[in-house]
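Please look through the sequence and the three-dimensional structure before reading on. The report below then takes up a few places in turn.

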Amino acid sequence: MTTVREIFDSMAYGPAPEGHAEALAWIAGHQGRFGHWINGAFTVPGAVFETRNPATGKVLAEVSQGSGDDVASAVAAARAAQGKWAKAGGAARARVLYALARLVQKHSRLFAVLETLDNGKPIREARDIDIPLVARHFYYHAGLAQLLGNEHPGLSPLGVCGAVIPWNFPLLMLAWKVAPALAAGNTVVLKPAEYTPLTALLFAEISREAGLPKGVLNIVTGDGDTGAALVSAEVDKIAFTGSTSVGRMIRAATAGSGKALTLELGGKSPYIVFDDADIDSAVEGLVDAIWFNGGQVCCAGSRLLVQEGIADRFHAKLKRRMDGLRMGDPLDKCIDVGAIVDPVQLATIRGMVEGSDGEIYHAACAVPEGCFYPPTLITGLHAASRLMQEEIFGPVLVSMTFRTPGEAVELANNTRYGLAASIWTENVNLALDMAPKVKAGVVWVNATNLFDAAAGFGGVRESGFGREGGWEGLMAYLKPAGKAKVLAAPKAVATPESAVVEGIDRTAKLYIGGKQARPDGGYSKAVWSAKGKLLGHVGLGNRKDVRNAVEAAHAAKGWGKATGHNKAQILYYIGENLSARAGEFAARIKDLTGRDGAAEVEAAVNRLLTHAAWADKYDGSVKQVPMRAVALAMNEPVGVIGALCPDEMPLLGFVSIMAPAVAMGNTCVLVPSEVAPLSATDFYQVLDTSDLPAGVVNIVTGSHKELAKPLAGHLDVDAVWSFSSTSLSAQIETEAAGNLKRTWVNHGRARDWMGAAGEGREFLSHATAIKTIWVPYGE
């Protein structure tokens with residue numbers, strides 16, 4: 001027997017196992033077999049599959065395999081309950097969410113143990129991180145529900161929301177989806193991960209004690225086929241967290257359906273350490289960044305970038321720390337690294353590491369038999385190495401060095417992902433200079449893996465779009481109240497039998513990089529007035545013209561760094577110059593449309609001035625997080641926005657799209673009204689005299705149908721908007737799946753461009769991406 005003296009001499013950790021009898025008793029209370037949770041009760045189990053403890057391989061329970069009929073039943077229950085739940089009001093919903101938060105706290109140990117049994121993560125992580133965050137999300141969203149009606153009037157819930165969540169944070173991901181959906185007045189059908197369904201079923205069961213009405217929350221278990229059935233079901237939104245490859249398939253599957261979509265996908269997050277960093281703190285932070293939850297974290301700091309001068313010392317300290325990590329039974333409170341969720345995932349990790357071209361170091365710690373993989377460091381890689389580019393989703397860290405901050409930014413952004421980043425330096429000026437430059441939705445300064453319900457979490461690029469948490473997360477579950485009318489497509493004036501041709505021939509060219517450019521294809525078409533007068537010719541752009549315009553837009557990326565004041569000044573100047581030529585533009589609109597154009601020109605001037613006013617006033621916010629840290633929500637430009645402008649308002653529609661994009665620091669490629677394009681081509685003369693840098697606005701005229709595909713499919717375009725009267729929404733959303741760019745399409749619905757719907761925060765939010773920057777403070 002080990003003596004007390006020997007324990008103090010060795011300072012070794014003894015076993016501290018957490019009891020699991022209560023969790024097993026709960027499973028046994030259901031005879032170890034679970035149906036789906038539909039309309040407030042468990043269904044009779046049908047075809048089942050096993051869910052196992054990944055640490056031991058033992059079967060925990062049998063869970064039903066959801067079919068298309070099961071999904072349809074759950075959606076029907078959710079649809080039947082949604083209207084009453086929405087009409088209950090924010091205050092009533094807040095009380096239920098508050099009760100759910102309290103119930104999570106009351107059953108916190110049961111949830112934590114069950115999560116560890118089903119997932120394999122250390123009990124310390126489930127107990128101290130996951131479950132408290134679940135309760136926090138329901139508390140926070142109870143408050144949002146209470147305030148929603150007063151703070152954001154004129155909005156209504158989407159309806160029935162489908163949610164598909166992963167296995168790495170089973171209950172926390174449920175909270176991320178369910179809390180905002182319920183707060184907004186939606187009902188939910190959720191499919192938990194095949195490997196980890198148990199805590200979702202426990203949550204559903206206790207939700208009755210919170211007074212949650214039947215049908216408001218439904219859980220359908222199953223594999224990927226069940227998830228696919230939910231995606232194709234008659235729901236109004238899909239919220240998905242998971243791999244980028246599956247997210248791309250969901251984007252394509254929902255294209256043109258009108259379903260709202262948010263995607264929180266994979267990452268290859270950089271962990272940047274400068275030579276002035278507190279090295280010991282950075283090493284400890286790195287342990288949390290990559291070996292938290294066994295590295296099975298979408299935002300894991302799996303890509304270490306360390307400044308060259310300290311690389312050897314940093315790697316040596318890191319290896320010593322790795323050797324001291326403890327692996328074993330996840331229910332042991334002394335364990336640092338638990339099990340990999342499933343043998344399939346373990347095989348994937350092993351295969352990727354064994355195929356590496358770097359120097360592999362495995363931690364010198366005891367590795368239990370079974371579904372475990374040791375903490376691993378791989379050095380000597382180059383930027384194009386597979387493991388520097390691809391998500392491993394395991395306890396594997398890859399490393400490179402850099403020399404200058406500029407090189408660090410280049411390496412950090414040399415990825416298709418953009419979920420999170422950590423920056424370690426004692427120089428706050430350097431940290432805050434780096435944070436905006438790194439392409440990521442979340443940046444931690446001298447910290448890692450800080451999360452809170454008040455602070456939005458989500459990515460850019462192929463890490464998805466949309467935010468979880470904060471008001472910004474709630475907005476993804478709401479829509480403007482009322483229903484838009486079907487868009488009636490205006491028709492271009494046909495070539496008259498007897499043409500009226502006056503004056504010198506005039507052909508409007510494309511506008512690319514601040515210069516007029518002939519269309520690559522060499523084609524143009526005549527534009528006629530309603531009275532048969534030839535107004536001019538307009539070039540017909542093609543995919544090469546789109547390519548040239550996108551290149552010009554990227555060359556003007558310095559616009560995003562301009563101050564809000566500077567952008568405002570230029571927009572005011574554009575409005576001033578348009579006003580000076582109001583009569584000319586009004587006459588043009590009358591020729592093109594047959595109606596008086598004065599009101600449209602005046603509205604266009606006002607829209608420019610409105611967005612000039614917004615340019616330095618669309619502020620971010622400081623989030624009230626419950627820790628010694630500042631979480632800054634910063635509005636960043638999306639990047640390059642491609643847009644198909646409305647046909648029905650040739651000048652006002654064009655300006656209404658251009659102005660918010662430019663005001664928020666984006667560059668754009670605009671396809672003007674197909675039936676009345678000459679107002680837009682006249683407008684580039686205004687741009688030429690208004691000090692707008694070349695390439696910020698590029699205009700490609702032509703067929704919306706022909707230009708939509710190359711614009712939406714272009715991998716260097718960051719977002720595509722379409723208000724075209726041509727039916728293009730499905731095509732644009734399908735093509736956008738290539739690089740998972742953001743889309744905003746009209747689905748054939750009209751918009752009142754002369755009214756409030758033609759401007760405001762909706763446009764500004766689509767023209768920006770929220771970056772959350774965490775800055776801890778204190779000793």
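## Arginine 607 and its surroundings

Leaving aside the neighbours within four places in sequence, Arg607 is in contact with Leu652, Val655, Ser656, Ala659, Trp753, Met754, Gly755, Gly758 and Glu759. The model in which these contacts are found is a predicted one. Arg607 is found in helix α21, which covers residues 598–614.

Is Arg607 buried or exposed? With a relative accessible area of 4%, Arg607 counts as buried, because buried means under 20% relative accessible area. Two of the residues listed as contacts also take part in polar pairs: the side chain of Arg607 reaches the backbone oxygen of Gly755 at 3.4 Å, and the side chain of Arg607 makes a polar contact with the side chain of Glu759 at 3.3 Å.

The pairing of β4 with strand β5 (residues 59–64) is in the antiparallel sense and extends over five bridges. Within this pairing, Val48 stands opposite Ser64 in β5.

## Helices beside the sheet

Two packed helices are described by the angle between their axes and the distance between the axes. How do helix α7 and α8 cross, and at what angle? The axes of helix α7 (residues 170–183) and α8 come within 8 Å and cross at roughly 50 degrees, which makes α7 oblique to α8. In this arrangement α7 passes α8 in a right-handed crossing, and the contact is made by Pro170, Leu171 and Leu174 of α7 together with Thr199, Ala200 and Phe203 of α8.

## Helix α24 and its cover

Which residues of helix α24 (residues 704–713) are buried? They are His704, Leu707, Ala708, Pro710, Leu711 and Ala712.

At the start of α24, a side-chain oxygen of Ser703 reaches to within 3.3 Å of the backbone nitrogen of Lys705.

How values were computed. Residues are numbered from 1 along each chain as its sequence is written. This is a predicted model: local features need pLDDT of at least 70, side-chain atom pairs count only at pLDDT 80 or more; totals for chains, interfaces and linings use all residues. Side-chain values use heavy atoms; hydrogens and water are left out. Buried means under 20% relative accessible area, exposed over 50%, partly exposed in between (1.4 Å probe, protein chains only). Helices (H or I, at least four residues) and strands (E, at least two) are DSSP runs, numbered from the N terminus. A polar contact is a pair of N or O atoms within 3.5 Å; within protein, one must be able to donate a hydrogen and the other to accept it, and residues adjacent in sequence count only if both atoms are side-chain atoms. Contact means heavy atoms within 4.5 Å. Two strands pair if DSSP finds at least two bridges between them. Axes are lines fitted to C-alpha atoms, for helices over the stretch in contact, and angles run from 0 to 180 degrees between N-to-C directions. Angles under 35 degrees count as roughly parallel, over 145 as roughly antiparallel, 65 to 115 as roughly perpendicular and the rest as oblique. A crossing is left-handed if the near helix is turned anticlockwise from the far one by less than a right angle, and right-handed if clockwise.
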